Amino acid sequence: MNLKLLITILLMSLSVTAQTNKPSRSMAVTFDDLPYVGLDGTDLQRAQRATKKILRVLRARRVPVVAFVNEGNLQVAGEVDARIALLQQWVDAGMILGNHTYSHPDLNSLTIQQFQDEIIRGEIVTRRLMESHQPYQLYFRHPYTHTGDTQAKKEAIKEFLAARGYKITPHTIDGQDFVFNKGYVRALRNKDKATARRLREAYVEFTIAATEFAERFSPRIFGREITQTLLVHANDINADSLDGLLSRLAARGYSFVTLDEAMSDPAYQTKDTVVSRYGPTWLWRWMESKGMNVGLKGDPEPDQWVIDLHKQR
Ligand SMILES: [Zn+2]
């Protein structure tokens, strides 16, 4: 046997080993709070930078995304067209825009009627921008993932959404990027590179820890790992960390699927009967709805120094 052939065989067997050792996992990625969420919501240049960077990464890695819009955040004097242009970039990149209400209110403090108005007002621009993509599945995500603090609210909004063609969007992994992002934007503004880097690294590590938790937790409910759905926001920390984060997830065996594909995982047919003031992940809701108690030990929380930076004014 010549050396070249031997090396080829060795390399082939190595790649087979690598493939079999890496589990095959899938994940849908969803973005909230489009067009952009910053410290005060008025920084158009930062919004343009973040949008460009996020979409460049998603395109390069071929990650299909459903991204949820708050149309109220388009209404900034002198910037309306420029802000709609940010959404157009998502559409041009092949992403699906979803409805996240007009002004991101908390369902806990609204009546059914008020929340229904928020849904209707929240779909006007996005539906127009998505005309070229017809037909597509309409998705809705509740702000704070608060899906109803009373049975009546939860049921009424669920029926209202279904009648308008919307599916409610679950998530199984919350990287809590908003907790990291405030301190991050401040560090960028102060040109504090060390803190910015520390926050980026901590954010990626935290999201990986939250992913590991979901990987351990879902088999206790469904007897297997399910397709995960990650919730992140259109913000600066994702603009600057997303490539590294997606690379880490790919190394864990994840391929990135559409939300439609994730929703076709039978686990996602499980009813969510939880009535709560809070917005837990769907893993927890499905566990509760099935009347199971598989324990939540090990659900990670961001480090105290991150929370302290988040709370600083
Ligand atoms: Zn939101």
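What is the volume of the largest pocket? In this predicted model, the largest pocket has a volume of about 630 Å³. The legends below take the pockets, the zinc site and the nonpolar core in turn.

**Figure 1. Lining of the largest pocket.** The lining of this pocket, with its volume of about 630 Å³, is made up of 28 residues. Nearest the centre of the pocket lie Asp33, His104, Tyr144, Phe178 and His233. Two or more lining residues come from each of S1, helix H7 (177–189) and strand S7 (228–233). H7 gives the largest share, 3 residues. Sorted by class, the lining holds 15 polar, 7 nonpolar and 6 charged residues.

Figure 2. The zinc ion has as protein donors OD of Asp33, NE2 of His100 and NE2 of His104, which lie 2.1 Å from the ion. Along the chain, the spacing of these donors is D-x66-H-x3-H. Distant parts of the chain are linked by the pair Asp33 and His100, which stand 67 residues apart. Asp33 belongs to strand S1 (residues 25–34), whereas His100 sits in the loop between strand S3 (96–99) and helix H4 (112–121). Asp33 counts as buried because its relative accessibility is 10%, below the 20% limit. His100 is also buried, with a relative accessible area of 1%. Two of the donors, Asp33 and His104, are among the residues nearest the centre of the largest pocket.

**Figure 3. Largest nonpolar core around Leu58.** This core has 87 residues, and the members that touch the most others are Phe31, Leu58, Trp90 and Leu97. Helix H8 (residues 193–222) supplies the largest share of the core, 13 residues. Leaving aside residues up to four places away in sequence, Leu58 touches Phe31, Val63, Val65, Trp90, Met95, Leu242 and Leu246.

**Figure 4. Second largest pocket.** The volume of the second largest pocket is about 540 Å³. Lys158, Ile168, Met263, Tyr268 and Thr270 are the closest to the pocket centre of the 17 residues that line the second largest pocket. Helix H6 (151–163), strand S5 (166–168) and helix H11 (282–289) each give two or more residues to this lining. By class, the lining of the second largest pocket comprises 8 nonpolar, 5 charged and 4 polar residues.

Note on methods:
Residues numbered from 1 in each chain as written. Predicted model: local features only at pLDDT ≥ 70, side-chain atom pairs only at ≥ 80, totals over all residues. Heavy atoms only, no water. Donors = N, O, S within 2.8 Å, 3.2 Å for Na, K, Ca; no water. Helix = DSSP H or I, 4+ residues; strand = E, 2+ residues; numbered from the N terminus. Buried < 20%, exposed > 50% of the residue type's maximum accessible area, 1.4 Å probe, protein only. Core = buried A, V, L, I, M, F, W, Y, C linked by side-chain atoms within 4.5 Å. Contact = heavy atoms within 4.5 Å. 1 Å grid on protein atoms, 1.4 Å probe; cavity = no way out; pocket = protein on both sides within 12 Å on 5 of 7 lines; lining within 4 Å. Points joined across faces, edges and corners; volume = space filled by probe spheres on them. Nonpolar A, V, L, I, M, F, W, Y, C, P; charged D, E, K, R; others polar.
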